[in-house]
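This report goes through one structure part by part. Please look over the sequence and the view below before reading on.

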2 protein chains.
Amino acid sequence: MSTDDPKPRRALTLNDIAALAGVSRSAASRALDRKAPVKGPKADRVRQIAAEHGYVPNAWAANLRRQRTGLIGVVVSRLTDTPMAMIYEAVVEQAAARGYQAAVVSTDDDPRKALERGRLLLAQRVDGFVLTTARTDGADPFLLELQEQGVPYSLVMRTDGTGPAALTDDVAGGGLATRHLIEHGHRRIAYVGGPLYASSSQNREAGYRRAMEEAGLPVPPELVHHSDFSIDAGVDVGRRLLALADVPTAVFTANDSLAIGVMFAAQRAGVDVPGRLSIVGYTDTPIAARLSVPLTSVNVPFDALAADALDLLLADGGDRPAAPRLSDPSLVVRDSVAAPHR
Amino acid sequence: MSTDDPKPRRALTLNDIAALAGVSRSAASRALDRKAPVKGPKADRVRQIAAEHGYVPNAWAANLRRQRTGLIGVVVSRLTDTPMAMIYEAVVEQAAARGYQAAVVSTDDDPRKALERGRLLLAQRVDGFVLTTARTDGADPFLLELQEQGVPYSLVMRTDGTGPAALTDDVAGGGLATRHLIEHGHRRIAYVGGPLYASSSQNREAGYRRAMEEAGLPVPPELVHHSDFSIDAGVDVGRRLLALADVPTAVFTANDSLAIGVMFAAQRAGVDVPGRLSIVGYTDTPIAARLSVPLTSVNVPFDALAADALDLLLADGGDRPAAPRLSDPSLVVRDSVAAPHR
DNA sequence: CTGAAAGCGCTTACAG
DNA sequence: CTGAAAGCGCTTACAG
């Protein structure tokens, strides 16, 4: 209704500030320069006026001129997945420490969405990408596009097997978890993985298989399942495992959500955890310690992962390291593992 | 080491495409126009060449010229908080449906960080803000800055009491939860809230108090606690509640994390849920259904909230509605409530 | 439909 | 230290 518009619709520009301060646009720009601000009374006046008016430079104009944005594009599967949110927040912090800003996009692990939303970031001319969505099946058109266009990127948490990657040693982590179960006397141990294209799940499985083999334990096919990383997938697989003629006495899962699902299935079926079923999770999310049976889990150092991913991305000195950077996972022992019932 | 750089360092520009197609920059621009692409053989050729080369227009340059970005700034406390991640993902979807893109920033509920990171979004000249971090204590310099500069915004989930807001009817939700407990025969019911400045927590408490009063039940001060929205806060308050001389038989919490914490404290103390302690949570996050005792919780319609927030923001037709838009919460009954033990 | 021209808001050699 | 000028990559009246 009101035709009067008391608020300024248009944001202040550098020209406005310069005029207010009675200097040229160039002088104003230099006075407000982040890295090498000019000294002198005129410059002080510019800064004072800018602060008074809450002047915020137009980043788009500045970046266009500078030919760099200081923006890192982050691609995640979904932010409602706690580990993804944790890695993203870690990247934000690490990026800020290096003078960069992060812009995120989620793909639901759908290559089409990845391409569509990744391009939105490409349009913003981010200086590089950190991808948490790498696949080993090659079905990632967005990654191909980045490679074709020579856009710097690094992979974190998951790898496609070739790109520069910041990972935890998932094989070692899988071994840690599995040996912990073996040491408690378990011989029939199941593995519950995530999607087949996720290297994290593959390597945790490889660590599991190696530990089983070293202990001389068989890994029959009915003990290994793959699905996605959700709680409901855990419930599902958990029920199938408990319906087996020879029910396993322990389960190692590729993440905590799967473990929570398995634990739920067990408790619903009246199977005591850890009395009748021991469980070890992975990623050690905050809720793990607060479950009815606190979950033993493999801790992932998110800050180190994020730091490595950014170092890899920003190094970009012509040649990238072929081998991934590996952080060490560690086992956090809580209450979800006991000796097998006999 | 390698001095040859086979990949193009610089992204293709419209000029490149125009040259390749043998047309003027203007013609190329119009051929690639999203809304009203020009027809004709030359335009077809431009589009083909652009597609072949994976040309992605520089959004910064385009936005600078257009004087709008199509970007919505979203401010959340932290993405590792599941309800926050859910509201953000919902805003992304709703924004996309309206032709907008979302850019997010997290503040840790720290007004200083909010100002600092909010300005990053301001520098990007987002067309408006959706804020989940409103406070009733007025301690939000960033919101003041938005108001001073006349930048459109809407509040979601929480309100400061004055700004345009998309909320659930938290008073009603608090009543739903509390009456559910009363109907099961509880008389000594505790409330566990979040931070004092969060209207969501205040209103859920108000609903609780009203329901208690209507049932003629007293609310002694030792039954009402405030902290933050974390699991650990729930554990803490849960322990204090269980240490009371006259332990409550039921607890209503302002979110699911607090409920999970209270449940953990109870189970650790050997207090059966719901046998000895009934619990009702709020926001109905995915894990609620998969806890050892599936949690009865008040469901929040995130999609509706996000839609309302964007409508409010984008309407911006001079005058904004004074009253907040309210969505209806609903009670999801699961297994965490039973009649009080006698 | 087409092209030439102007301009969005900045930064940065250039010359003083 | 200062200002005048050029230009980043686009879009959009303007004239044909």
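## The surface near DNA strand C

The model is a predicted one. Four helices each supply at least two residues of this surface: helix 2 (25-31) and helix 4 (59-66) of chain A, and helix 2 (25-31) and helix 4 (59-66) of chain B.

In total, 28 residues surround DNA strand C. The closest are Leu14(A), Ser29(A) and Arg65(A) from chain A, with Arg30(B) and Lys39(B) from chain B. Sorted by class, the surface has 11 nonpolar, seven polar and 10 charged residues.

Which part of DNA strand C accounts for 56% of its atoms within 4 Å of the protein? Sugar and phosphate make up that 56%.

In chain A, a polar side-chain atom of Arg25(A) lies 3.2 Å from a base nitrogen of DNA strand C, and a polar side-chain atom of Arg30(A) lies 3.2 Å from a base nitrogen of DNA strand C. From chain B, an N or O atom in the side chain of Arg25(B) is 3.4 Å from a base nitrogen of DNA strand C.

## The surface near DNA strand D

DNA strand D has 28 residues around it, and those that come nearest are Arg30(A), Lys39(A), Leu14(B), Ser29(B) and Arg65(B). Here 11 residues of the surface are nonpolar, seven are polar and 10 are charged. Helix 4 of chain B provides the largest share, five residues.

Of the atoms of DNA strand D within 4 Å of the protein, sugar or phosphate holds 56%, and the rest belong to bases. A base nitrogen of DNA strand D lies 3.2 Å from a side-chain N or O atom of Arg25(B), while another contact places a polar side-chain atom of Arg25(A) 3.4 Å from a base nitrogen of DNA strand D. The backbone takes part as well: a polar backbone atom of Asn58(B) is 3.4 Å from a phosphate oxygen of DNA strand D. Two or more residues of the surface near DNA strand D come from each of helix 2 and helix 4 of chain A and helix 2 and helix 4 of chain B.

## How the two chains are related

Chain A contains an open sheet of six strands in the order 2-1-3-4-5-11, with parallel pairing. Strand 2 (101-106) and strand 11 (325-327) of chain A each have a single partner strand, so one side of each lacks a neighbour in the sheet. On average, neighbouring strands of this sheet are turned by 20° against each other, direction ignored.

Within the sheet, strand 4 (residues 153-156) and strand 5 (residues 165-168) of chain A pair in the parallel sense over two bridges. Leu155(A) has Ala165(A), in strand 5 of chain A, as its bridge partner. Helix 6 (residues 111-123) of chain A packs on the sheet and touches strand 1 (71-76), strand 2 and strand 3 (128-131) of chain A. The direction of helix 6 makes about 155° with that of strand 2 of chain A.

How values were computed. Residues are numbered from 1 along each chain as its sequence is written. Chains are lettered from A and ligands numbered from 1 in the order in which they are written. This is a predicted model: local features need pLDDT of at least 70, side-chain atom pairs count only at pLDDT 80 or more; totals for chains, interfaces and linings use all residues. Side-chain values use heavy atoms; hydrogens and water are left out. Two strands pair if DSSP finds at least two bridges between them. Axes are lines fitted to C-alpha atoms, for helices over the stretch in contact, and angles run from 0 to 180 degrees between N-to-C directions. Contact means heavy atoms within 4.5 Å. A residue is near a molecule or strand if one of its heavy atoms lies within 4 Å of it. A polar contact is a pair of N or O atoms within 3.5 Å; within protein, one must be able to donate a hydrogen and the other to accept it, and residues adjacent in sequence count only if both atoms are side-chain atoms. Ala, Val, Leu, Ile, Met, Phe, Trp, Tyr, Cys and Pro count as nonpolar, Asp, Glu, Lys and Arg as charged, and the others, Gly among them, as polar.
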